[in-house]
Amino acid sequence: MKGFLPIFIIVVTAVLVGMAWVQSGGVALHEMHSASTPQEAVEALITNVQQRNWDRAYARLANTNDVEKLAFIRDLAGSNGNLRTYSSLQKFSVWPVHASADNATMRVRLTWSSAVGPLDDVRDLYVKKEGSAWKVVWPKPQFAKVPPQVIPVNYLRWDVIGRGASDDWGVQNVDNPNVRITSMNAVERPDRVVIVGEVVNEDTVPAYVNVNATLLNPDGKPIDQEGSFDMISHTLLPKQVSPYRIDFPGIHLKQVKSVRMDVKAMLGPASADPVIAVTDQKMDKDPLGKNVLRGALVNQSGQTVNIAQVLAVYYDANGKVIWVSDGYVDQALLPQVAIPFAVDVPEDVAPKIQNYHVLVNHYSINQSS
Amino acid sequence: MFRLTTYCVLLALALAAYGELHPPAQVTAGNGFSISSTGQGDATFYLIGPSHVAKRQVKLGQDIAVDSTEVKKAGRYLAIACGSGGCSRSAFYVMAAEPDKISFLLHPSRVPVKANDAINATAFVFDEFHNLVLAPVMVNFKVIPKTGPSFTRPVKATRGVAWMRMASTPKEGPVKVIAEVAKASEPRIIQQVASDACNLRIKATRTAKGVLVETDPVRDCSGNAVPDGTIVSFTEIDGQGKTTVDAPIKKGIARTELPVSGSARISVASGVVMGNEISLGGRL
């Protein structure tokens with residue numbers, strides 16, 4: 001009985017110390033220090049990013065002196081209303097590129113889920129050993145700064161006034177724009193039939209365009225009908241050409257006798273700005289060894305483009321459209337700043353490509369067209 | 001013989017009670033008229049038209065007056081008189097009145113210059129009650145271009161419709177087309193727009209950031225200015241790859257600034273029309 005009290009006091013003290021350690025983030029600290037491999041260090045960091053636990057993720061960096069916390073968050077969470085700000089990290093995978101006793105390079109593939117589908121982001125992260133734990137050296141984010149300037153823009157815009165409901169029959173109306181499909185090609189893919197081609201606005205007013213296709217079997221009966229959805233530039237200015245792509249999953253070309261194309265064009269309000277230059281386009285390989293078309297987008301006007309979609313059309317030696325691919329850019333296009341992009345090209349299509357053309361669909365929060 | 005005579009007398013008496021209606025052979029819409037009747041006694045008169053039905057009590061053997069408001073619509077009418085001996089009926093047609101209104105369709109609302117048979121004008125002739133005038137009448141299409149003399153083309157309407165086709169003029173701008181018949185006239189305006197660009201040419205000037213490329217004023221083969229907003233595609237190929245810009249024409253000229261490193265080739269196109277090509281060496 002005499003020795004019970006000191007033992008009781010020691011046990012209670014130990015419990016209280018333990019609780020205080022947990023409360024003060026000791027577990028996290030332990031986890032951090034217990035990243036015993038580069039793989040664990042990167043996985044723990046990305047897990048925190050996935051949870052949007054920025055404090056804990058930032059604490060895992062080895063170079064907090066170089067990287068500001070806000071810049072780190074902006075690098076991963078997005079800014080300027082770009083696509084990343086509407087995305088969440090769905091999954092990731094990590095694998096080593098190089099490793100030694102005290103440093104390593106890990107390649108991480110981040111798959112973000114967004115309103116326009118999954119977006120992949122592949123990064124190489126340098127990881128170094130500090131004491132017994134591994135920590136990630138986060139690449140210092142480089143954000144383009146737009147210098148103060150005045151960019152003169154002569155805005156050109158079309159508005160449409162149609163026939164009123166009270167007007168008599170026969171009272172003059174404005175006709176829908178004249179658009180034409182200039183090419184169409186049915187392409188067999190392993191799991192689908194894909195219709196690719198181009199459509200041109202031959203009119204002098206902007207057109208809101210949609211292309212639909214119906215596959216017909218040898219009896220002339222429809223097999224399936226699909227539209228171009230977002231694989232087209234819906235708003236076509238006068239004389240502008242847009243590629244289109246229509247996918248028919250689960251259908252093989254041998255089932256198809258003919259294709260019925262249908263292009264619909266409507267008048268709609270539109271703006272001629274912003275103008276986006278597509279620079280430094282070239283066929284290349286990405287870090288995963290896949291064929292891509294690379295380039296950079298330069299917003300030549302003074303208004304920020306929040307979300308940009310790249311549409312690329314590829315031609316063979318005869319000038320025939322053989323493929324159309326697209327990709328969303330997860331960074332906003334600030335005025336006069338080059339933003340890189342890369343869109344996938346299928347392995348079997350890449351060797352046949354002789355020429356290509358890139359078009360940019362743009363969406364601004366303050367302006368929809 | 002006695003029996004046959006009895007039947008004839010009874011039939012004559014029945015027809016007298018039954019009555020007959022005799023409307024005019026031709027009636028013009030909006031004009032009142034009378035329907036003569038035979039027989040005797042009271043009857044209920046019905047007038048059934050394309051958009052109107054009337055019912056009233058009449059006396060057989062007297063003229064039945066039909067008001068002008070009851071025959072506004074052209075078409076087949078049925079007059080019925082029902083007396084004690086049964087009903088008799090008679091059909092007649094009401095024709096459209098004189099031309100008074102015109103509905104005019106001018107298609108399309110925009111047309112490229114110098115396009116053959118591109119403008120289609122169709123006029124429908126109606127009377128004051130919106131009946132299609134089926135009788136042949138002459139419709140005058142008066143064409144007033146923005147520049148040049150105006151002219152009139154008379155076209156005879158067949159079964160209420162008169163139409164013509166004509167080519168657009170070489171000069172852009174609005175064309176007023178007026179369809180006239182009797183005292184009615186309907187104006188429409190069609191916009192003649194420039195055709196595809198012709199002799200598309202670019203020139204380049206070095207700037208601090210690269211090369212400023214701009215077109216000469218973009219015109220079609222008739223010398224009309226291609227409308228602002230028309231897309232002109234610039235393509236530049238150098239050692240860094242390819243650069244493309246789809247720039248709209250503004251104030252008659254399309255321009256863009258291209259980043260050029262070393263020697264480069266710059267070409268231009270608008271729709272399906274190709275322009276000239278510029279080769280840049282170390283210097284312009």
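I began with strand β4 (residues 42-48) of chain B, which seven bridges join to β5(B), the two running antiparallel. For the notebook: strands (E, at least two residues) are DSSP runs, numbered from the N terminus, and two strands pair if DSSP finds at least two bridges between them. In this pair I found B:I48 opposite B:V53 in β5(B).

Housekeeping: this is a predicted model, where local features need pLDDT of at least 70, side-chain atom pairs count only at pLDDT 80 or more, and totals for chains, interfaces and linings use all residues. Residues are numbered from 1 along each chain as its sequence is written, while chains are lettered from A and ligands numbered from 1 in the order in which they are written.

Next I looked up the sheet. Five strands of chain B make an open sheet with mixed pairing, in the order β2-β8-β7-β4-β5. Its edge strands are β2 (26-28) and β5 (53-59) of chain B, each pairing on one side only.

Then I turned to the interface. I noted 28 residues of chain B in contact with 29 residues of chain A; contact means C-beta atoms, placed from the backbone, within 7 Å. On the chain B side, β9 (101-107), β16 (184-193) and β22 (241-248) are the elements giving two or more residues. The largest share, eight residues, comes from β22(B).

Which strand of chain A is joined to β22(B)? I found β14 (residues 276-285) of chain A, with three bridges, running antiparallel to β22(B). There A:A277 stands opposite B:V245.

Technical notes: Contact = placed C-beta atoms within 7 Å. Helix = DSSP H or I, 4+ residues; strand = E, 2+ residues; numbered from the N terminus.
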